[in-house]
Amino acid sequence: MDSGLICVSLFTSEGVGIWIASILTLAIYSFLYRDNPIYRFSESLLIGISVGFLLVTTFDTTLLPKAFEPVGKGIIGISESGGINSFAIFVWILIPVVLGFLMFTRFVPRYAWMSRVALALYIGFGAGASIPANMQSYILRQIDATIRPFLNIDSFWSLVNALIVLVGLISTLFYFFFSKEQKGAFGKITRLGTFYLMIFFGATFGYTVMARISLLIGRLTFLMKDWLGLIS
Amino acid sequence: MRRSFPILVCFGFGTIMLAQFFIPSKLSTGAYNEITNWVQIIYAFALIVGVVGLIRYHLSRVSRRQGGWFFNLVTVSSLFMMAFLGFVWGRGDHSPFMWVFNNMMAPMQATVFSLLAFFVASAAYRGFVARNIEAFLLLFSAVMIMFGIASIGNSIPPFSDIANWILMNPSMTARRGIFIGVGLGTIAVSLRVILGVERTYLGKE
Amino acid sequence: MKCFFLITSFLTFLFPQAFAFELNVSDQPNDDGTRLAIRWDPLPPDELRPIDPESYLLLRSEESDGEYIQVDIVSSLDPSREKIDEKLTEGQPYFYKLVYSDSAISWESNVAGPVAPEENWYNTARTNVLIGIIITAAFVGWFIILGKKGKSLYLRPIAGLNAMDEAIGRATEMGKPILYSSGRGKMERPASIASMNILGSVAEKVASYGTPLIFPNNDPVVTAVAQEVAREGYTKAGHVDRYDPDNIYFVTDSQFGYAAAVDGIMIRERPATNLFFGTFEAESLILAETGNSIGAIQIAGTDSSIQMAFFIVACDFVLIGEELFAASGYLSGDPQVVGTLKGSDYLKVIIIILILFGAVVGLLNQEWFVNLFLTA
Amino acid sequence: MSIWEKAKTIDRRIIFLFMFLGVALPLLIRIGLPVSVTNDVKKVYDYIEGLEPGSIVLVSYDHDTGTLPEMLPMSDAILRHLFRNNIKVIGMALRAEGTGIGRQNIRRSGAEFGKIEGEDFVFLGFRPEITAAILGLGTSFERVFPKDDEGIPIRELPMMKDINNYGDIEMVISITDDDTPVYWVNYANARFKVKVVAGLTAVMATTFFPFIDSGQMVGMVAGLKGAAEYEKLIEKRGRAGRGMDAQSIAHLVMIGFIIIGNIAFIMRKRGK
């Protein structure tokens with residue numbers, strides 16, 4: 001065994017940090033036993049800190065450089081040159097900021113509908129961008145990946161594998177048919193599709209376990225090594 | 001106006017985003033950059049609205065002394081503390097803001113994440129029971145992968161080979177099937193949104 | 001790429017002196033007119049064969065005998081033998097040359113150019129995506145029109161959706177709330193839109209029963225939309241008075257802060273039913289396992305293939321993949337939405353035919369067909 | 001209620017407890033589960049074992065801090081082996097974040113074996129632009145790194161006196177979480193015939209099998225498991241062994257619970 005329990009000193013900035021992090025870590029783990037005020041405290045703390053963190057970073061990285069500073073510059077531009085050009089630029093800069101401020105109409109029920117203009121822009125943007133992206137990576141690329149192996153069949157087993165993959169894809173796609181009842185011969189194919197899906201779900205679950213356990217190893221190593229000094 | 005104008009905006013920006021994918025010209029890339037900028041700005045304002053709502057929610061519970069109001073107070077005060085640290089001393093590497101991030105926020109998040117190590121175990125115990133063929137396949141492929149990839153089975157050739165084969169063939173192809181389905185579903189929803197057929201998100205009045 | 005490299009090096013091995021060294025410049029296609037592609041013959045040129053330097057300088061000028069500035073360092077081993085020069089001015093002609101010099105020798109290639117970058121208005125490399133979208137839009141659009149005419153269509157049952165009424169009813173009987181979550185998805189994701197549609201139907205049902213609906217959010221824009229959608233659902237059911245905006249609120253955008261918060265809400269409010277619809281990430285199982293521990297009926301649906309696996313293991317019912325997007329058609333019965341499901345079925349038939357055909361053609365070594373699906 | 005009925009409604013905290021013990025105990029107490037050494041790792045070990053004392057090996061830290069938990073046990077084990085065999089080490093980094101990691105790692109391991117910086121090992125620091133750096137080292141170390149990480153001209157470092165280019169070193173070890181070794185193989189190995197070894201994350205391993213088959217790479221050490229194998233070869237169990245033990249035991253605990261759950265299910269079915 002190693003040297004035994006030697007906690008990190010409480011009298012350095014680093015030490016205080018390790019102590020606080022360790023206590024909060026234990027507080028979260030206490031949830032595994034049951035809900036309790038200590039967990040609830042750390043949960044509330046985490047929510048508050050994370051929102052504060054988000055607020056500051058959003059202000060620093062988006063609102064200030066992309067909204068307020070350009071507007072400020074626009075105003076200076078108008079007051080200095082006063083031309084129609086600088087005014088047009090200013091209006092252009094103002095559009096997203098105004099749209100953003102429309103979000104605040106949500107607090108006034110009568111004008112709340114105005115915030116929908118901003119939401120509509122936001123959602124239209126997402127919908128328009130997602131169509132080609134999905135066509136490209138979720139459909140064309142998947143077809144390509146399924147049929148490309150047939151170009152390089154060099155052994156009996158590579159053919160068998162390519163066929164297993166082909167049958168799997170087709171039966172899974174049949175499973176997703178909505179306008180046809182899953183019975184008879186068609187039902188058998190869709191059932192085969194569910195078999196493939198189950199293998200995928202099992203494999204994904206099994207494969208992810210390793211990464212999740214690594215997280216726990218990481219936290220326990222922190223507690224036992226950095227804090228308690230149990231591991232050399 | 002209240003309803004048709006937002007739908008028009010949605011149609012307009014949806015079409016621009018769709019078209020710019022195929023148009024490499026300067027105007028198109030410029031529009032793309034400008035719109036993503038706008039979206040970020042709108043998001044930032046929505047966030048402020050969300051945070052204001054959040055603070056109102058917690059403060060009203062505190063002022064009404066509702067059950068557990070102390071914890072609402074913890075949330076609001078830690079939020080203000082973090083904002084204060086960030087706005088006064090900045091976000092530099094050695095700032096108090098980053099100290100709180102490194103010693104409080106990051107370890108707590110990592111710990112919540114690591115709860116999954118426990119939850120995968122309890123979910124597996126309950127869910128991996130061979131009630132029928134489907135459940136058996138789910139169980140079988142999970143155990144083969146766990147044993148053959150991450151545990152001592154990795155050193156025993158047939159197990160690691162079987163595990164890799166499952167990952168690369170049947171599992172991969174089912175995932176492709178899901179991808180294609182999700183892709184089609186996504187495109188259909190997006191088309192309905194752009195065409196104004198799907199308008200639930202706008203509510204009514 | 002590796003294969004290409006092998007072939008070219010093999011060729012230079014066979015015919016080392018066959019060609020005089022040449023540098024080429026051409027417009028980079030499918031761009032906004034700011035890029036040029038510079039390509040060169042295998043290095044080294046004959047004159048430098050004895051020393052075979054590993055790097056050369058690539059120079060650019062706006063006039064053939066003007067001042068040249070360094071653009072890049074070219075490695076003699078770079079198998080692509082190509083550099084893309086960026087951030088140029090559209091319409092401005094440019095000249096390029098490759099040079100090497102040391103104390104003993106100084107060498108210059110031919111001057112390539114002048115070539116001016118051209119702006120393009122259509123990306124030819126994406127034609128297959130465009131055709132795919134046109135076909136998809138045609139089918140979806142056609143069935144939306146059919147749906148408008150009120151043609152009713154058969155839909156196969158989906159277990160998770162059939163269970164929805166029962167799950168809502170159970171919460172009502174037990175006098176407990178229903179918890180809804182759309183996960184980590186931002187509002188611009190179509191999965192979030194699908195989730196909002198489901199939320200609308202759920203809100204409508206819940207309103208008539210008077211069961212509280214709690215929906216903690218991870219994204220402020222989702223909060224804004226969800227409040228609208230829920231209010232609309234309550235209004236449709238004729239109980240707008242029962243709508244409580246305080247039950248749909250933004251919690252935090254931190255992934256695990258959100259997971260911790262929803263876990264806490266579950267343990268304290270004890271919902272009888274948990275509904276998880278939208279884009280989920282690693283928090284999926286944290287929510288579903290806690291939900292299971294309080295004995296809630298759980299129905300989930302997500303577009304994230306990995307999280308489906310966790311929901312399958314931990315929830316009572318799961319909408320797999322595309323079923324999430326189909327849900328709004330099932331729940332609302334809107335013939336236009338139902339129509340698009342039919343359209344999507346036809347598209348699947350087309351994809352299956354393409355795959356079968358592609359497999360046969362692939363076996364016959366017809367690479368051109370497979371390459372039709374290459375994306376750039 | 002039979003025991004099998006009880007198994008159905010088992011308090012999940014019992015499962016949590018076993019998972020906790022399954023991870024915590026192997027971290028605290030060395031179990032030393034059998035680790036079978038794969039060929040790719042053995043090749044690396046054998047090659048280093050065959051080097052003369054005083055030979056020079058270049059270790060490049062080509063990864064970020066995010067993957068540190070997976071990479072650190074590996075670099076520790078390899079450096080221990082090098083220093084134990086009195087091989088001199090040149091450290092460098094092709095990734096900015098690798099600079100701090102490499103500097104710390106090499107100094108700590110060096111100190112462990114009483115090695116002196118400048119004589120037994122050096123740390124040259126970070127260079128961007130992978131291709132140019134790797135090619136440049138082929139002509140002259142001094143041209144790529146005129147000064148070391150501390151700003152000392154490398155001509156003044158006793159160890160670097162006779163080192164001009166790859167010709168004067170025995171091998172390159174790239175410790176990385178991406179495909180940087182492809183560059184080392186394509187430029188340093190193909191052109192200057194220097195031996196290349198990769199230390200990789202587990203997920204990257206499959207990418208590099210072809211390079212080992214073709215002999216372009218001496219071998220590789222992949223993931224926590226590869227590091228554990230290396231620890232076994234140098235007969236010094238460290239954190240990789242512990243981590244692997246914890247992984248294996250935790251997985252076995254899970255599989256055990258799944259088996260119990262299924263036995264209980266079968267017994268309940270029989271009972272009915």
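Student: Where does α2(A) bend, and by about how much?

Tutor: α2(A) bends by about 55° at Leu63(A), the bend at a residue being the angle between axes fitted to the seven residues ending there and the seven starting there. A proline, Pro65(A), follows within four residues. Before we go on: this is a predicted model, where local features need pLDDT of at least 70, side-chain atom pairs count only at pLDDT 80 or more, and totals for chains, interfaces and linings use all residues. Residues are numbered from 1 along each chain as its sequence is written, while chains are lettered from A and ligands numbered from 1 in the order in which they are written.

Student: OK. How many residues does α2(A) have, and how far does it reach?

Tutor: α2(A) has 45 residues and reaches 62 Å from its first C-alpha to its last. That's close to the 66 Å expected at 1.5 Å a residue, where the expected span is 1.5 Å times one less than the number of residues. Helices (H or I, at least four residues) and strands (E, at least two) are DSSP runs, numbered from the N terminus.

Student: And what follows α2(A)?

Tutor: Gly82(A), with a positive phi near 70°.

Student: Switching topic. How many residues of chain A are in contact with chain B?

Tutor: 90 residues of chain A are in contact with 98 residues of chain B; contact means that the C-beta atoms, placed from the backbone, lie within 7 Å. Several helices of chain A each supply at least two residues to that side, including α2 (37-81) and α6 (184-227).

Student: What's that side of chain A made of, by class?

Tutor: The side of chain A that touches chain B has 60 nonpolar, 23 polar and seven charged residues. Here Ala, Val, Leu, Ile, Met, Phe, Trp, Tyr, Cys and Pro count as nonpolar, Asp, Glu, Lys and Arg as charged, and the others, Gly among them, as polar.

Student: What about chain C against chain B?

Tutor: There, 57 residues of chain C are in contact with 49 residues of chain B. Helix α5 (residues 220-236) of chain C gives the most to its side, with nine residues. By class, that side of chain C has 31 nonpolar, 15 polar and eleven charged residues.

Student: Which order do the strands take in the three-stranded sheet of chain C?

Tutor: The order is β1-β2-β5, in an open sheet with antiparallel pairing. Two strands pair if DSSP finds at least two bridges between them. β1(C) and β2(C) are joined by five bridges, and Asn24(C) stands opposite Arg39(C) in β2(C).

Student: Chain D has a sheet too. Is its pairing parallel or antiparallel?

Tutor: The pairing is parallel, with six strands in the order β3-β2-β1-β4-β5-β6 (chain D). β3 (121-126) and β6 (219-222) of chain D each have a single partner strand, so one side of each is left without a neighbour in the sheet. The twist averages 15° from one strand to the next; angles run from 0 to 180 degrees between N-to-C directions, and axes are lines fitted to C-alpha atoms, for helices over the stretch in contact.

Student: Which helix touches β6 of chain D?

Tutor: Helix α3 (residues 39-49) of chain D packs on the sheet, touching β4, β5 and β6 of chain D, and its direction makes about 115° with that of β6(D). Helix α8 (residues 180-192) of chain D lies across β1, β4 and β5, at about 160° to β4(D).

Student: Last one: how far apart are the domain centres in chain D?

Tutor: The C-alpha centres of domain 1 and domain 2 of chain D lie 44 Å apart. Domain 1 is 3-28 + 252-271 and domain 2 is 39-236, with bounds from an automatic or database domain assignment. In chain C, the centres of domain 1 and domain 2 lie 59 Å apart.

Technical notes: Two residues are in contact if their C-beta atoms, placed from the backbone, lie within 7 Å.
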